[in-house]
Amino acid sequence: MSDQQALRLGTRRSKLAMAQSGHVADAVRQVTGRPVELVEITTYGDTSREHLAQIGGTGVFVAALRDALLRGEVDFAVHSLKDLPTASHPDLALAAVPVREDPRDVLVARDGLRFAELPDGARVGTGSPRRMAQLNAYARSQGRTIETVPIRGNIDTRVGYVRKGELDAVVLAAAGLNRIGRTDEVTDFLSVDMVLPAPGQGALAIECAAHDAALVAVLAELDDPFTRVAVTAERSLLAALEAGCSAPVGALADLLADGQVVKEMRLRGVVGTTDGSTLVQLSTTGPVPETHDQAMALGRELASEMLAKGAAGLMGERAH
């Protein structure tokens with residue numbers, strides 16, 4: 001393979017996916033000195049109008065990109081890490097997890113309203129049961145009610161519901177708006193104390209064929225070790241909870257620093273009913289994991305505590 005042969009980067013076609021992949025392509029060009037071309041792939045998740053929960057949840061955006069990788073049609077692919085199934089794929093390598101964007105959720109509301117300023121009974125759109133559970137619980141804790149309305153579609157579609165007056169607000173991921181340069185539309189950044197993000201939210205996953213050792217090594221230069229251990233712990237928590245319950249899960253691992261020195265990692269998890277009437281929320285703090293296995297163990301331990309506290313009973317046992 002000549003040094004100048006272009007590397008083919010598989011990406012979804014959405015504006016957000018193209019922006020994310022474009023950032024990664026630039027970084028790969030810098031570390032390899034090779035041209036990178038984007039190969040657009042339509043996934044079932046992009047074309048289906050059904051709600052995500054009904055079409056199999058996370059894997060729907062990933063499968064087509066992985067198929068293209070396995071067939072050798074592209075050399076590597078970029079996913080939003082929160083879309084990646086928790087089980088690793090035997091023939092693919094998670095070559096890099098770059099530095100994470102803002103993991104928070106944000107509100108885009110009419111008239112510049114913050115969440116605290118929304119009127120009682122405000123209609124808030126989100127396709128995520130995780131967000132619904134936490135927003136409803138938070139509103140209830142403030143003695144208020146909101147109506148969460150299930151929506152899907154790209155950022156334009158979702159924000160459009162607010163612009164057209166059909167909804168009072170929508171909740172989106174900060175990272176997506178940042179990546180397409182639309183942070184100025186945010187009316188409120190939702191604190192992670194109020195809404196824990198999806199496991200891996202704000203992080204990207206760069207995947208390639210496991211047998212391509214040279215490419216794995218090159219892409220690994222884009223890896224951020226802190227981001228990787230954080231999302232590994234979050235996804236381990238998710239995997240352990242998924243085995244025991246089907247309730248929506250929020251998780252965030254953050255690094256606690258003393259000045260410039262990172263001392264510890266805190267992992268927080270939440271699981272709840274979508275109406276927000278019951279939440280199980282726990283956290284654990286310990287040394288920053290130094291290996292993949294330590295990060296996995298941190299997630300599993302917190303998950304087992306949450307299951308012991310009743311997480312499994314919230315939406316009924318998952319049918320096996």
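Is D223 buried, exposed or partly exposed? At 22% relative accessibility, D223 counts as partly exposed, where buried means under 20% relative accessible area, exposed over 50%, and partly exposed in between, with a 1.4 Å probe and protein chains only.

Colleagues, this is a predicted model, in which local features need pLDDT of at least 70 and side-chain atom pairs count only at pLDDT 80 or more, while totals for chains, interfaces and linings use all residues. Residues are numbered from 1 along each chain as its sequence is written, and side-chain values use heavy atoms, with hydrogens and water left out.

I begin with the overall fold. The protein chain contains nine helices and 13 strands; helices (H or I, at least four residues) and strands (E, at least two) are DSSP runs numbered from the N terminus. Its radius of gyration is 20 Å, which agrees with the value near 20 Å for a compact globule of 320 residues. That radius is taken over C-alpha atoms, and the globule rule is 2.2 Å times the number of residues to the power 0.38. Along the principal axes, the C-alpha trace spans about 65 × 45 × 45 Å. Buried residues account for 51% of the 320 residues. Of the contacts between residues at least 6 apart in sequence, 72% join residues at least 24 apart, a contact being heavy atoms within 4.5 Å.

I turn to the interior. In soluble globular proteins, nonpolar side chains tend to be buried together. Here the largest nonpolar core has 25 residues, and L237, L241, M265, V271 and M306 touch the most other members. Such a core is a set of buried Ala, Val, Leu, Ile, Met, Phe, Trp, Tyr and Cys residues joined through side-chain atoms within 4.5 Å. At least two residues each come from α8 (225–244), β11 (249–258), β12 (261–272), β13 (279–287) and α9 (292–308). The largest share, six residues, is supplied by α8. Leaving aside residues up to four places away in sequence, L241 touches V249, A303, M306, L307 and A311. A second, separate core has 16 residues, including L7, V28, V36 and L204.

Just after α9, G310 takes a positive phi of about 110 degrees.

Finally, the charged pairs. The whole structure holds 23 salt bridges, each a side-chain nitrogen of Lys or Arg within 4 Å of a carboxyl oxygen of Asp or Glu. In one, the side chains of R131 and D105 meet at 2.8 Å, N to O. This pair links distant parts of the chain, with R131 in helix α4 and D105 in strand β5, 26 residues apart. R131 counts as buried at 7% relative accessibility, and D105 is buried at 0%.

To return to the opening residue, D223 forms a salt bridge with R228 (2.9 Å, N to O), and R228 is partly exposed at 24%. R268 and D254 meet at 3.1 Å, N to O; both are buried. R268 lies in strand β12 and D254 in strand β11, so the pair ties together parts 14 residues apart in sequence. Lastly, K15, D156, R163, R182 and E185 are linked in a network of salt bridges.
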